[in-house]
Amino acid sequence: MGKPKVVVADPLAESALAGLGDYDVRHCAGKDPEALHAALRDADALLIRSGTRVDREALAAAPELRIVARAGVGLDNVDVAAATEAGVIVANAPLSNVLSVAELTVGLVIASVRHIVPANTALRNGRWERAAFTGTELAGSTVGIVGLGHVGTLVAERLAAFDMRIVAYDPYVPQARAAAAGAQLVGLDELMARSEFVTVHLPRTPETLGLIGERELRLARPTMRLINTARGGIVDESALETALKEQRIAGAALDVFEVEPAVDSPLLAYDTVVATPHLGASTAQAQDRAGLEAVAAVRAALSGEPVAGAVNRVPAR
Ligand SMILES: NC(=O)c1ccc[n+]([C@@H]2O[C@H](COP(=O)([O-])OP(=O)(O)OC[C@H]3O[C@@H](n4cnc5c(N)ncnc54)[C@H](O)[C@@H]3O)[C@@H](O)[C@H]2O)c1
Ligand SMILES: O=C(O)CC[C@@H](O)C(=O)O
């Protein structure tokens, strides 16, 4: 019997790749379905980040596959139900990058309200404009956190240190847990109406797609700034664009988009939008943790041991 075959379909930290030395490792461009399907033909394990879609077709192309390991949190790019039917373990690294996402979120809040990006652009273009970029202090303003899980809680704790008031919407979190994070649980409509900042920290599921749409954005204050470092599509981008165009909200800071890469997004035309290319997890520390956890999951699955981070149960093979 040869070495187990492990396909790496997205860029992973070197520290993580070093843990695959005793396997037959093949790299492929996971965003290209043809290349992915060809690579999966005799693969025992697949390592991915957010760039590779593991759908029913990909799983059908992988008859030997035992595990899909996601070096990160979101599993919206993996058909977990189809994997379970096919007897393939799916595992993620649920805490690996949440601190990095929370820190980027705080950065986007400040970048947005202090006009850091347009002021930088103006200065580089020879314009010393001070009055145009007057901002607002965070202290005393209200932030609404939509989704008070791992990232949402870290964001709440950090923004509380700026003396902000924290309200949160999450029907699955008990009041006591919200209170421990310094947040008051409210309904989504109340959150939209009360907040100067609304920051989204939800998984992308059929239930959360379009959760913040035209109706919700009409409840917002004209001073509201919307931050999304979770997933594109949870905020309806066309409704967001209309709200920005009509100046019904003050701005948005977006790390994630409905379609990525989002180089053609009409939202990029607005000075009131700060945008980053899905960088929430892009720190050295988060990538080391995510990659190492995903590799540990692969090693466990291929040796028939329990897999930490497994999100489904499949019979042992
Ligand atoms: N930008 C990035 O690079 C990056 C990195 C990591 C995670 N993420 C995204 O952030 C998301 C959140 O991460 P997390 O670690 O905080 O996840 P989590 O599972 O810890 O928290 C998600 C929270 O959302 C709540 N929730 C689920 N459905 C809801 C609904 N319909 N309405 C309100 N609340 C709902 C859950 O109760 C939970 O508390 C991930 O699913 C992922 O998509 C993005
Ligand atoms: O792969 C990435 O870098 C993004 C990961 C992030 O979106 C996640 O859900 O963990």
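How far is an oxygen atom of ligand 2 from an N or O atom in the side chain of Arg 49? The distance is 2.7 Å.

## Before you look

This is a predicted model, where local features need pLDDT of at least 70, side-chain atom pairs count only at pLDDT 80 or more, and totals for chains, interfaces and linings use all residues. Residues are numbered from 1 along each chain as its sequence is written, chains are lettered from A and ligands numbered from 1 in the order in which they are written, and side-chain values use heavy atoms, with hydrogens and water left out.

## Around ligand 2

Gly 74 uses its backbone instead, with an N or O atom 2.7 Å from a ligand 2 oxygen. On its own, ligand 2 has 290 Å² of accessible area, and the protein covers 93% of that (Shrake-Rupley method, 1.4 Å probe).

The residues surrounding ligand 2 (a heavy atom within 4 Å) also include Asn 97, Arg 231 and His 278.

## The sheet

Seven strands form an open sheet with parallel pairing, in the order β8-β7-β6-β9-β10-β11-β12. At the edges sit β8 (184-185) and β12 (273-275), each pairing on one side only. Strands pair if DSSP finds at least two bridges between them; β7 (residues 165-169) and β8 are joined by two. Ala 168 stands opposite Leu 185 in β8.

## A buried serine

Ser 112 belongs to helix α5 (residues 98-113), a DSSP run of H or I with at least four residues. Ser 112 counts as buried because its relative accessibility is 5%, with under 20% as the cut-off (1.4 Å probe, protein chains only).

Definitions and conventions: Polar contact = N/O pair within 3.5 Å; in protein donor to acceptor, adjacent residues only side chain to side chain. Buried < 20%, exposed > 50% of the residue type's maximum accessible area, 1.4 Å probe, protein only.
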